[in-house]
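Please read the following walk through the structure with the sequence and the 3D view side by side, and follow each part as it is named.

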Amino acid sequence: MARQQRTQVGIIGAGPAGLLLARLLKLNGIESVILEDRSRAYVEARIRAGVLEHGTVKLLEEAGVAERLHREGLVHEGVELGLDGGRFRIDLAGLTDKTITVYGQSEVVQDLIAARLAGDGPIVWEASDVALHDFEMDRPRLTYRAGGVDHELACDFIAGCDGFRGASRSSLPASRLRIYEQDYPFGWLGILADVPPCSEELIYASHPRGFALASMRSHTRSRYYIQCDRHEKLEDWPDDRLWDELKRRLGPDVAPRVTTGPALEKSITGLHSFVCLPMRHGRLFLAGDAAHIVPPTGAKGLNLAASDVHYLSRALVSHYARNDSTLLGAYSEQASARVWKAERFSWWLTLLMHKVHPDGSFAEQMQRAEIDYLLSSPAGQTVFAENYVGLPF
Ligand code: APR
Ligand code: PHB
């Protein structure tokens, strides 16, 4: 016999989407239980991107979890684009009056977990075999196993915040889903190292040998990426080879300022665009990577999780506080309208900056002309900047 519990919102996944949703609900007096299939240590150490849009920072402030972010995060007023070894700065603050904040996703997750565990409610770590039941009806349930015991959690709503490979989306019949996706024929090879960054601001560099990105986590920790073949093996990229290739692509101006050091982490990720609609199925609401994936160019993943959660928390609050379910009905449409715009920007920036076309082809010339245009047009830069700092939500 399963152990019985009850809550208002059953949340699957303790990534940024699930944790932030739980926090915003709690601030409005709504109870939830979070079921997470990994351990706390694993979730807190997971390395992901590190750029927070202006609106994400505001939402984290609203959630009361921005104190360390303001202390340790690096506020950036611009970003650089590199072409042919030259560099061009896009003045984000001047063009939009907004900035971005460089603060690792793992830090955001740690701050949210600390807030949750300081009295907001439970997170069930290492909850296995999470299964969703009856979400098309009035009384949804979640079943799972934890500590060798079977549990059943009755709830009013289920939030599927369990990432791209979670149980929520996969429990929906394919006939109910509209899937839109695109793969890219390359991947990103990333390196994290305790060395000072080569530049105060991020550099996105387009190079005939492939894209490179110089990013950071702090004044003493750098994060770099280079475009690679998606089937490439990590063993073929000893640190020295990676550093050499990175310097070549960042160009002669920047290369001498790249400090090398042993890799704390190295990984290869494929690039994928994916949207699954609708984001609501009865009393099940998908949010974050469970519903959509962007390629990492532009670092929109976490920021999209934040905007979904903004719409979803507002809708649930309106349901509980005013018995008004209009916003719940509008969730999929509202959240996905913003998702599509970030999908477009991530796709566009990916195709703009990577080595995509054969050398000497017409398409390659079109790509160069587009970058050139962007670098010479204040209007083009404004379009870039307003998308980069994040569209409103
Ligand atoms: N049961 C319970 N938990 C699960 C299950 C499952 N079957 N499957 C996955 N999870 C957990 C994962 O372990 C993870 O902690 O759900 C969480 C999902 O978190 P994320 O993958 O971080 O997704 P999300 O919260 O939507 O955040 C989106 O994070 O993944 C990055 O690139 C992504 O930056 C984006 C952001
Ligand atoms: C990162 O720091 O990991 C990062 C930054 C910007 C991106 C993607 C990733 O566009």
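Which of the 15 residues around ligand 2 come nearest to it? In this predicted model, the nearest of those 15 residues are Tyr204, Ser215, Arg217, Tyr225 and Gly298. Polar backbone atoms also approach this ligand: an oxygen atom of ligand 2 is 2.9 Å from one belonging to Gly298, while for Pro296 the distance from a polar backbone atom to a ligand oxygen is 3.2 Å, and for a backbone N or O atom of Ala299 it is 3.3 Å. Of the 280 Å² that ligand 2 exposes when taken alone, the protein buries 99%. Strand E16 (212-216) and strand E17 (222-228) are the elements that give two or more residues to the shell around ligand 2, and by class that shell is made up of nine nonpolar, four polar and two charged residues.

The domain assignment gives domain 1, covering 3-76 + 102-180 + 272-349, and domain 2, covering 184-271 + 355-389. Because both domain 1 and domain 2 give residues to the shell around ligand 2, the ligand lies between them. The C-alpha centres of the two domains are 30 Å apart, and where the domains meet, 24 residues of domain 1 are in contact with 22 residues of domain 2. Between them the domains bury about 1900 Å², with 66% of that area on carbon and sulfur atoms. On the side of domain 1, Ile47, Leu74 and His76 supply 25% of the area buried against domain 2, which is more than any other three residues supply.

What, then, surrounds ligand 1? Its shell holds 24 residues, and the closest are Glu36, Arg46, Arg48, Gln105 and Asp289. Arg46 places an N or O atom of its side chain 2.7 Å from an oxygen atom of ligand 1, whereas Leu302 approaches a ligand oxygen with a backbone N or O atom, at 3.0 Å, and a backbone N or O atom of Asp37 lies 3.2 Å from a nitrogen atom of the ligand. On its own ligand 1 has 700 Å² of accessible area, of which the protein covers 87%. The elements that give two or more residues to this shell are helix H1 (16-27) and helix H9 (301-322), and H9 gives the most, with three residues. Sorted by class, the shell around ligand 1 has 10 nonpolar, seven polar and seven charged residues.

Technical notes: Residues are numbered from 1 along each chain as its sequence is written. Chains are lettered from A and ligands numbered from 1 in the order in which they are written. This is a predicted model: local features need pLDDT of at least 70, side-chain atom pairs count only at pLDDT 80 or more; totals for chains, interfaces and linings use all residues. Side-chain values use heavy atoms; hydrogens and water are left out. A residue is near a molecule or strand if one of its heavy atoms lies within 4 Å of it. A polar contact is a pair of N or O atoms within 3.5 Å; within protein, one must be able to donate a hydrogen and the other to accept it, and residues adjacent in sequence count only if both atoms are side-chain atoms. Accessible areas come from the Shrake-Rupley method with a 1.4 Å probe; for residues, only the protein chains shown count as cover. Helices (H or I, at least four residues) and strands (E, at least two) are DSSP runs, numbered from the N terminus. Ala, Val, Leu, Ile, Met, Phe, Trp, Tyr, Cys and Pro count as nonpolar, Asp, Glu, Lys and Arg as charged, and the others, Gly among them, as polar. Domain bounds come from an automatic or database domain assignment. Contact means heavy atoms within 4.5 Å. Buried area is the accessible area (1.4 Å probe) that two parts lose on being put together, summed over both.
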